[in-house]
Amino acid sequence: DVQIYNDQGYTALIRAAYRGYDEICDLLLHHGSQVDERMAGRITGQKGKRGPSTEECALMVAASQGHFTTVRTLIAWGATIDIQDHAGQTPLYRASQEGRVASVLSLLQAGASTTICTRQGVPAVARAAQENMAAILHIFFSHSCSPDLVSIIISIISYHIYIYTVQWITFPLLSAYFFIFCQGVFTIRYLKHIYMLHICDVTPM
């Protein structure tokens, strides 16, 4: 059975996609693997019960690892381009935060949405900016239409309010102040990248 899960919650297809084994993915799909099959939870404890799943699929892991040929193989087999995991992250979001240029291009060419946000309200372009991925930002700004700067700023603010709230509950007051300072520095950094792309001669295709 090609759909059997291992102890870590992976199917053979998800493992092959993680490694970038295109021919293996193609073979597994030909013999009945489900292209959008989700990862199961890991087996924990002696009773063999599985924990909660992250709901990852083959396309997500291939995109995040930068295996763009595997991304194309999975798309050719009908993978859902904008599929989301438990956190609301899409394959495009995963590829963007890891700086996987070829994967981002492959997904955009296949029609991936640039406007879908995570459950924290963060779109892929804002995540790329946060991670200092200038090459990814150039791709977004040159592909079909330029992302809306106001929406990006709003999503960034929403993200940091969420993170700040979590940190405030988890850490003492002093740690919270330090966290706010660090987040402010990161925010200025990636807003600078967005601003520079806007004032440079980067026009939509």
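In what order do the elements of the protein run from the N terminus on?

**View 1. Order of helices and strands in the predicted model.** The elements run α-α-β-β-α-α-α-α-α-α-α-α from the N terminus on, and they come to 10 helices and two strands. Helices (H or I, at least four residues) and strands (E, at least two) are DSSP runs, numbered from the N terminus. Residues are numbered from 1 along each chain as its sequence is written. This is a predicted model, in which local features need pLDDT of at least 70 and side-chain atom pairs count only at pLDDT 80 or more, while totals for chains, interfaces and linings use all residues.

**View 2. Burial and surface of the protein.** Of the 205 residues, 39% count as buried, that is, under 20% relative accessible area with a 1.4 Å probe, protein chains only. The accessible surface, computed by the Shrake-Rupley method with a 1.4 Å probe, comes to about 11000 Å², and 59% of this surface belongs to carbon and sulfur atoms.

**View 3. Packing of helix H5 with helix H6.** Helix H5 (residues 91–98) packs with helix H6 (residues 101–109) at an angle of about 155°, their axes, which are lines fitted to C-alpha atoms over the stretch in contact, lying 8 Å apart. H5 is therefore roughly antiparallel to H6, a term for angles over 145 degrees on a scale from 0 to 180 degrees between N-to-C directions.

**View 4. Residues between H5 and H6.** Pro91, Leu92, Ala95 and Ser96 of H5 make the contact with Ser103, Val104, Leu107 and Leu108 of H6, where contact means heavy atoms within 4.5 Å. These residues divide into six nonpolar, two polar and no charged.

How values were computed. Side-chain values use heavy atoms; hydrogens and water are left out. Buried means under 20% relative accessible area, exposed over 50%, partly exposed in between (1.4 Å probe, protein chains only). Angles under 35 degrees count as roughly parallel, over 145 as roughly antiparallel, 65 to 115 as roughly perpendicular and the rest as oblique. Ala, Val, Leu, Ile, Met, Phe, Trp, Tyr, Cys and Pro count as nonpolar, Asp, Glu, Lys and Arg as charged, and the others, Gly among them, as polar.
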